[in-house]
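Please keep the sequence and the model in view while reading the points.

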Amino acid sequence: MPWCPKCKAEYREGFTECNTCHVPLVDELPAEEVSDHEVFVMPDGMEKPIVIYTAKNRLEAETVCDLLHDHGIVTLDRPAAFRQIQAYSGADSRFGIEILVDASQTAQARALIDEMNHDLAEQPVDEDELARLAEEQAMETPPQPVEDNASFKLLPIVVGVIVIALVLLYFVAN
């Protein structure tokens, strides 16, 4: 059976050109080549990756990875669910992000993560400090200019035209 080398469509005998691509058909398709984005390369220093932690979101994953990198541990992160499920559901927060390290560094990495979580749990949230930080951030943000919205200027005109149309319909109907 002939095949289109461009769109990979199969044709019945007797066809010589692809209707879609307008290229000559071939008897066999060439072997599939693996593109660069399909080849997965393991990071240097990682031979046997093991999941050591599942972060709830991207920010938590980056924080943990940064902590481990600061201590010389090579990390790799990936979605905890299949990418197809992630695309339909919306994201990391539902399934999380897995953090992987080499098998030889799992104990050290888990100890660092446990220490970080313990330190975060011990520090109570100071409401006054949060309010002060929010106020500082608000002061640093430049005021945004008020935009002139032309659609609101047209609103009375549109309402007037509708009222006139309704009045005319009333008189025509009676």
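1. Basis of the note. This is a predicted model, in which local features need pLDDT of at least 70 and side-chain atom pairs count only at pLDDT 80 or more, whereas totals for chains, interfaces and linings use all residues. Residues are numbered from 1 along each chain as its sequence is written, and side-chain values use heavy atoms, with hydrogens and water left out.

2. Confidence. The predictor's confidence in each residue is given as pLDDT, on a scale from 0 to 100. For the protein chain the mean pLDDT is 80, and 82% of the residues reach 70 or more. Helix α1 has the highest confidence, at 90, while helix α2 (residues 83–89) has the lowest, at a mean of 52. Where pLDDT is low, the predicted coordinates should not be read in detail.

3. Overall make-up. The protein chain contains six helices and three strands. Helices (H or I, at least four residues) and strands (E, at least two) are DSSP runs, numbered from the N terminus. Read from the N terminus on, the elements follow the order β-α-β-α-α-β-α-α-α. The chain has 174 residues, of which 20% count as buried; buried means under 20% relative accessible area, exposed over 50%, and partly exposed in between, with a 1.4 Å probe and protein chains only. Of the contacts between residues at least 6 apart in sequence, 56% join residues at least 24 apart, a contact being heavy atoms within 4.5 Å.

4. The sheet. Three strands form an open sheet in the order β1-β3-β2, with antiparallel pairing; two strands pair if DSSP finds at least two bridges between them. The edge strands, β1 and β2 (75–79), each pair on one side only. On average, neighbouring strands are turned by 30° against each other, direction ignored. Axes are lines fitted to C-alpha atoms, for helices over the stretch in contact, and angles run from 0 to 180 degrees between N-to-C directions.

5. Pairing along β3. Six bridges join β1 and β3 in the antiparallel sense. P49 has D102 of β3 as its bridge partner, and V51 stands opposite L100 in β3. How many of the six residues of β3 are buried? Six of the six are, and β3 is thus described as mostly covered.

6. Helix α4 lies across β1 and β3, running at about 10° to β1.

7. The cores. A nonpolar core is a set of buried Ala, Val, Leu, Ile, Met, Phe, Trp, Tyr and Cys residues joined through side-chain atoms within 4.5 Å. The largest one has 16 residues, and I52, Y53, V64, L68 and I99 have the most contacts inside it. Two or more residues come from each of β1 (49–55), α1 (58–70), β3 (97–102) and α4 (106–122). The largest share, five residues, is that of α1. Leaving out residues up to four places away in sequence, Y53 touches E60, V64, I97, E98, I99, I113 and N117. A second, separate core of five residues includes C4, C18, C21 and L25.

8. Helix α5 (residues 127–140) has 14 residues and reaches 20 Å from its first C-alpha to its last, close to the 20 Å expected at 1.5 Å a residue. That expected span is 1.5 Å times one less than the number of residues. The count of buried residues in α5 is zero, and the helix is hardly covered.

9. Two single residues. E10 is found in the segment before β1 and is partly exposed, with a relative accessible area of 47%. With the same exclusion of residues up to four places away in sequence, E10 touches M1, P2 and W3. The C-alpha atoms of E10 and V26, which are 16 residues apart along the chain, are separated by 9.8 Å.
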